Amino acid sequence: MVKVKICGTTNAEDAEIAVAAGADALGFIMYRKSPRFVEPATARTIVAALPPFVLPIGVFVNESTDRVRTLMDECGFTLAQLHGDESASYCENLKRPALKALRLKDRATFLALAEFQGRAQVRGFVIDAFSDQAYGGTGQTVDWTLAAEAARAAPILLAGGLTPSNVAEAIRQVRPYGVDVSTGVEERPGKKDPARVKAFIEAVRLVSL
């Protein structure tokens, strides 16, 4: 079954809605420049109320390894999603399980994927759309043909421009381990639309591969 991560969680109400709809993981953005940034104290409170088997994931951008470890421990994050320019050696030095986000521009991105593969701390990849304006959350759609190549090489979460109306086709074309959505289920940056969250997860569950 394809896993679903609802990213950009900023409040307890949105977390409860996502969990009730069947989300497998929630993402909490620790990057202060993001419109979906959540204060660590708020994230800690939300994470503490999550049921078993819903993974809380901290999203970081070019943060020091010490700071990432501190926030993971303080907030209770299971995984670190590294969404900046972190290197393979950075992932090793982090000494925490991580997902490495790669902004898929062209096949040259596969060189970066190969560099991170086999690193003990890197458990998988988030494949997002390339943008020179932001590290993520742009709502731009990934090239699904290229993403499918990445999915054959490693476990990936497909991100970038996913919505309730296109996620089923994206899954059929890419066959990812999971999907990662933020802007596609929002009322506005940082606030989820309950109907869209439910519709997105229902669309994923109905896909037959």
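Me: A salt bridge is taken as a side-chain nitrogen of Lys or Arg within 4 Å of a carboxyl oxygen of Asp or Glu. To what number does the count of salt bridges come by this rule?

Reply: This is a predicted model, in which local features need pLDDT of at least 70, side-chain atom pairs count only at pLDDT 80 or more, and totals for chains, interfaces and linings use all residues. Residues are numbered from 1 along each chain as its sequence is written, and side-chain values use heavy atoms, leaving out hydrogens and water. By the stated rule, the number of salt bridges is 12.

Me: What is the N to O distance in the salt bridge between R172 and E169?

Reply: Helices are DSSP runs of H or I with at least four residues, strands are runs of E with at least two, and both are numbered from the N terminus. R172 and E169 are about one helical turn apart because they are separated by 3 residues in helix α7 (residues 167–174). The N to O distance of their salt bridge is 3.4 Å.

Me: Is R69, the salt-bridge partner of D66, buried or exposed?

Reply: D66 and R69 lie 3 residues apart in helix α3 (residues 65–75), and their side chains meet at 2.5 Å, N to O. Buried means under 20% relative accessible area, exposed means over 50%, and partly exposed lies in between (1.4 Å probe, protein chains only). The relative accessibility of R69 is 19%, so R69 counts as buried.

Me: How many bridges join strand β6 to strand β7?

Reply: Two strands pair if DSSP finds at least two bridges between them. The closed barrel has 8 strands, β1-β2-β3-β4-β5-β6-β7-β8, with parallel pairing. V126 stands opposite L157 in β7, and F125 stands opposite I156. Strands β6 (residues 122–129) and β7 (residues 156–158) run parallel, and the number of bridges joining them is 3.

Me: Through which helix does the chain cross from β5 to β6?

Reply: Strand β6 has 7 of its 8 residues buried, so the rest of the structure largely encloses it. Strands β5 and β6 run parallel and are joined by 7 bridges, and R103 has D128 in β6 as its bridge partner. The β-α-β crossover is right-handed, which means that, with the strands pointing away from the viewer, the path from the first strand over the helix to the second runs clockwise. The helix crossed on the way is α5.
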